[in-house]
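Thanks, everyone. Please have a look at it first.

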Amino acid sequence: MNLFDSLQQQDGQWPDVIRQLLPRTHAVDRDALRIWFGLWPLPWHALAQNPASRPQFEKFYQVNGAYRLLDQVDTSHEFLYGHRYWAVVKAAIGTARGGTDLRETVEAVAQASQAPAEFSLAMAAIGLMTLRQTGWDGWESPANAEAAKAVTNRVTARGHPADQVLRSRASDFAPSLGERLRGKRSTPRVICEEQTADGWFPLIPSQHITTAAELDKRPHHLRDPRCYEGMGIIPVDCRSGACGTCWVGVLGGQEKLSEITPFERQRMDYFGYFDAPGLDTESSRPLLRLACQAQAFGSVSIVIPPWNAVWGRSRRERAGEDATITL
Ligand code: FES
């Protein structure tokens, strides 16, 4: 059977497959795998893939940013350590056959890639879900390949071993000897792009993450148009839990964040960000948070999603019931 056709029939198998892959995945990518599936849930894809009117759809669901995998086939997973094996995993998917058991397909792709299983299994699952959402038509695109090259150029920690990346995750900034001699001290920080040398901003413990981000005045708006000039790398529109723009994945240091409050949990539900399999949404410190509501009491590592929307159940029900909303 054609691989894409078989994937179309296996949506219900994903939660179990993700659960089974976690213990076989290197610790550096375990939470990253769950976060990736949290950023690209199938219910969102079902909603966004083919609206009758895209401008109306984006307006009604308050969509901002790059919200389709179709435009990010080669880059959406750059925050995983296993991203470095994407080329071989992608090639293996290109020659894989479909079957009835999703877990077996994931394993066959990982094995055919010849990359270490502790990384390739997660990347195979991500690649297959990407194909599920893009189809073969979107699988290869010159624009995506260009974007992937830009990621490769930006990454400076490509050769670091996984254990080293894991150790430095959610770590304080440690100055070099020369910097220490010039009076620099180690400082808590928020790491937002862990494979680049300067992908972090300083943190004063107990700050909300967006408050810390705002003190970083680099021109992040040039890379992400959702950011306001001089207001940091995390897009924000309200800082009060009202808009959902500031959602982030917490890659490391979850325990150093304040517990999620009933208000933040209710807002995450409303925005739709808890509508994904494999997420620990009942946890007191879940993997997806609102950066304007979460206080950090020490260094953390985060992932900033490239899109935001308000698409929770109540919005979907309203779109379904209200005949005046033609999506
Ligand atoms: S900035 Fe609006 S919810 Fe955080």
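Predicted model: local features only at pLDDT ≥ 70, side-chain atom pairs only at ≥ 80, totals over all residues.

Five strands make it up, an open sheet with mixed pairing, and the order is β3-β2-β8-β5-β6. At the edges are β3, residues 200-202, and β6, residues 288-290, each of which pairs on one side only. From one strand to the next, the twist averages 35°.

Strand β2, residues 189-191, runs parallel to strand β8, residues 300-303, with 2 bridges between them. Ile191 has Ser301 in β8 as its bridge partner. In general, strands of a sheet pair through backbone hydrogen bonds.

Now the helix. α3 lies across β5, β6 and β8, and its angle to β5, residues 247-252, is about 165°.

What does α3 do with α8? The axes of α3, residues 27-39, and α8, residues 117-134, come within 10 Å and cross at roughly 10°. Angles under 35 degrees count as roughly parallel, so α3 is roughly parallel to α8.

Which residues meet there? On the α3 side they are Val28, Asp29, Leu33, Trp36 and Phe37, and on the α8 side Phe119, Ala122, Ala125, Ile126, Met129 and Thr130. By class, that contact has 9 nonpolar residues, 1 polar and 1 charged.

To recap: α3 lies across β5, β6 and β8, and α3 is also roughly parallel to α8. That is all I have.

Terms used:
Residues numbered from 1 in each chain as written. Heavy atoms only, no water. Axes fitted to C-alpha atoms, helices over the stretch in contact; angles between N-to-C directions. Helix = DSSP H or I, 4+ residues; strand = E, 2+ residues; numbered from the N terminus. Parallel < 35°, antiparallel > 145°, perpendicular 65-115°, else oblique. Contact = heavy atoms within 4.5 Å. Nonpolar A, V, L, I, M, F, W, Y, C, P; charged D, E, K, R; others polar. Pairing = 2+ DSSP bridges.
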